[in-house]
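Please look through the sequence and the model below. The text that follows goes through a sheet and then some helix pairs.

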Amino acid sequence: MKSMNGQQAVVQAALDGAVGVRTYVPGYPITDLAAALKAEISVNEKVALEIALGASATGLRSLVIVKQVGMNILADPLVISATHTIGSGLVIIAGDDLGPRGSQAEMDSRFYGPLAEIPVLDPSSPAALHASILESFTLSEWLRIPVIVRVTARLLDDEGPEILPRPSKGAGQQFEREGWDLTMRGQHQRHHDKILADAEDASESTTLNRLEISGNVGIIASGRPAALAEGLGVSLLSVGYSNPLPEKLLRRFMDGHRLILVAEEPEPFIESQLRLSPKVRGKLTGHLPRGPLERADIIQALESLEEMPQKKPQVYESVAERGYSGVCEDCPFISLFRALAKVDVPVAGDAGCAIRATRKPYQSVDVVYGLGSSIAVASGFAKKGIAVVGDFALAHSGLQGLINAVWKKRDVLVIILKNDVAAMTGGQEAPDLTKLVEALVPTRYLALPASEDEVEAVVSEEMKRSGTSVVVALGKCTKHVAKI
């Protein structure tokens with residue numbers, strides 16, 4: 001019997017759903033998925049969603065694939081689009097990095113459901129993932145709003161039975177101008193009165209909900225934990241929608257059971273909405289650990305469900321414990337990182353290769369707050385400092401920081417790591433913005449590899465310059481040399 005993993009299930013759903021436009025920004029755990037979907041890379045997630053909104057408005061189904069922190073970048077058009085309406089189906093696949101292995105933060109993308117007031121589907125298996133994406137396109141076109149489908153690395157890797165094609169092409173509907181007859185308040189009122197009410201009905205009636213009754217103890221679960229909770233000898237309600245939750249179904253299930261365990265990951269998103277009931281147990285009560293879950297965690301929680309566990313001292317995961325892949329041994333930027341470690345000024349880095357220089361043996365980057373953030377952060381230093389930014393990070397969102405620094409005449413040295421690829425996320429091509437940078441600010445070039453002394457001399461000279469200046473450090477990433 002043939003099998004199909006979660007990634008293949010998404011590809012099948014995109015084919016079945018006749019998705020016309022596919023956009024993405026790379027990052028764990030969705031880079032390989034985006035490649036399998038033959039999606040088009042965008043400079044950042046906001047742009048990726050805006051392209052999809054334009055496609056939707058003109059009758060094309062669209063799919064946006066982003067990592068969890070990318071949801072923060074696209075939040076502005078996402079929140080606005082919910083009440084401004086769309087045309088054809090628009091689905092966002094949000095890849096959550098649980099117990100993060102390739103991200104700057106651990107996040108739970110389900111929280112964007114109530115924030116943006118749109119549905120979030122949280123499938124438990126490859127088959128449920130395929131069905132969730134097709135249902136999301138139908139739901140998106142019915143309600144004329146974007147819909148989020150949350151995935152994780154383990155869901156994308158999970159194996160399940162082969163999924164047969166289920167063509168669902170949609171109506172090719174376009175944007176309607178009727179909404180402009182209402183004020184923004186009126187649009188929001190309509191959204192609550194009609195759109196969210198219909199979304200609640202869909203959550204109650206969807207075939208993605210699964211119910212098994214066995215005894216007076218029950219588990220409410222969503223996502224992969226729902227699959228982990230199967231066959232444990234207790235009742236199980238697996239909900240297809242994390243937002244809006246099927247309130248009536250949940251109430252009936254809770255009324256029919258003496259104790260309830262809520263199994264979800266990584267945060268107590270559902271549990272926090274049910275915690276007023278004294279029956280409910282989960283992460284908030286200490287029965288389940290925060291972060292990703294294993295089947296053993298659920299079994300252990302069921303065994304101690306009658307009692308309230310004592311809070312135990314938390315052992316924090318260390319770099320040494322997990323292991324750390326630092327800067328590549330043959331990286332052309334090593335001499336630059338070593339030189340920066342010797343400079344007695346604050347250095348802001350970016351969530352690219354420079355983040356690997358925060359730890360030993362380099363310790364040349366002091367603070368990192370996100371992709372594209374380093375220039376604006378360095379502009380706020382109490383004294384002149386240095387911003388280290390990759391060329392993809394510059395295009396992603398760093399350019400605005402550079403424009404602001406020039407506009408406000410900030411004292412800051414910007415070092416652009418130009419290797420022509422997004423090296424941390426798969427070696428995708430990065431746009432060349434050097435001519436634009438030259439037009440904005442005094443710019444010099446430094447070819448790498450070079451000696452530490454040569455690099456130190458360049459950095460020292462530029463630190464003596466007043467205002468904003470840029471050093472473009474030219475180096476070829478040996479990890480992705482075939483792509484550049």
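**The sheet and its helices**

Strand S15 (residues 347–349) is joined to S16 by 2 bridges, and the two run parallel. Gly-349 has Val-368 in S16 opposite. This is a predicted model, in which local features need pLDDT of at least 70, side-chain atom pairs count only at pLDDT 80 or more, and totals for chains, interfaces and linings use all residues. Residues are numbered from 1 along each chain as its sequence is written, and side-chain values use heavy atoms, leaving out hydrogens and water. Helices (H or I, at least four residues) and strands (E, at least two) are DSSP runs, numbered from the N terminus; two strands pair if DSSP finds at least two bridges between them.

The open sheet has 6 strands in the order S16-S15-S17-S18-S22-S21, with parallel pairing. Strand S16 (367–368) and strand S21 (443–447) each have a single partner strand, so one side of each lacks a neighbour in the sheet. Helix H15 (residues 334–342) packs on the sheet and touches strand S17 (385–390), strand S18 (412–418) and strand S22 (468–474). Contact means heavy atoms within 4.5 Å. Helix H17 (residues 391–407) also packs on the sheet, touching S17, S18 and S22.

Elsewhere, the axes of helix H1 (residues 6–16) and helix H7 (residues 126–143) come within 8 Å and cross at roughly 25°. Axes are lines fitted to C-alpha atoms, for helices over the stretch in contact, with angles from 0 to 180 degrees between N-to-C directions. H1 and H7 are therefore roughly parallel to each other (angles under 35 degrees).

Terms used
Parallel < 35°, antiparallel > 145°, perpendicular 65-115°, else oblique.
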